[in-house]
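Hi,

Here is the structure I promised to pass on. Have a look at it first, and my notes follow below.

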Amino acid sequence: MALYEHVYLARQDLTAQQSEALTEQFKTTVTGLGGTIGKVEYWGVKSLAYRIKKNRKAHFTLINVDAPPAALAEAERQWSINEDILRFMTIRVEAHEDGPSAMLRKRDDDDRGDRGDRPDRGDRGDRGDRRPPRGPRGPRREDSAEGGQY
């Protein structure tokens, strides 16, 4: 059987429990046709880059799947009928990633607090005027003030 990563986006007005019910529906479809489900990660409600079916946010969920292509095709057919699913994508992978996915690792990185990992930049000095002075201006030409050439 082949290994897949499946990500789906559900409507923002669903509850987290309804999103979990969609995941369970996907699991029963895949396991009923001979596949197995690995880890399931709920990434939460995130903003979309652009509107999809009048939604600005969506529930994101990642599912690792080990299944024959026919099982995945049937699950995707059911997703395309479901009105609660905005988008889904299934990608075939060589191996499933151990540990948390990049999205969950990103969430952990965002909680880094006071940015203690930065070195001290020291005294930055006076940062007021960065350009050297231009010097005195030359005399003004009278011909340009009276409507000279443009």
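Helices H1 and H2 cross in a right-handed way, where right-handed means that the near helix is turned clockwise from the far one by less than a right angle, and left-handed that it is turned anticlockwise. Helix H1 covers residues 16-32 and helix H2 residues 69-81; their axes come within 9 Å and cross at roughly 145 degrees. Axes here are lines fitted to C-alpha atoms, for helices over the stretch in contact, with angles from 0 to 180 degrees between N-to-C directions. Helices (H or I, at least four residues) and strands (E, at least two) are DSSP runs, numbered from the N terminus.

Before going on, please keep in mind that this is a predicted model: local features need pLDDT of at least 70, side-chain atom pairs count only at pLDDT 80 or more, and totals for chains, interfaces and linings use all residues. Residues are numbered from 1 along each chain as its sequence is written, and side-chain values use heavy atoms, with hydrogens and water left out.

Back to the helix pair. From H1, Leu22, Gln25, Phe26, Thr29 and Val30 meet Ala71, Leu72, Glu74, Ala75, Gln78 and Trp79 of H2. Those contact residues divide into 7 nonpolar, 3 polar and 1 charged (nonpolar: Ala, Val, Leu, Ile, Met, Phe, Trp, Tyr, Cys and Pro; charged: Asp, Glu, Lys and Arg; polar: the others, Gly among them).

Leu72 touches Tyr4, Phe26, Val30, Val65 and Thr90, leaving out residues up to four places away in sequence; contact means heavy atoms within 4.5 Å.

Thr23 counts as buried because its relative accessibility is 2% (buried is under 20% relative accessible area, exposed over 50%, partly exposed in between, with a 1.4 Å probe and protein chains only). Beyond its neighbours within four places in sequence, Thr23 is in contact with Tyr8, Val40, Thr61 and Ile63.

Overall, the protein has 4 helices and 4 strands, in the order β-α-β-β-α-β-α-α.

Happy exploring!
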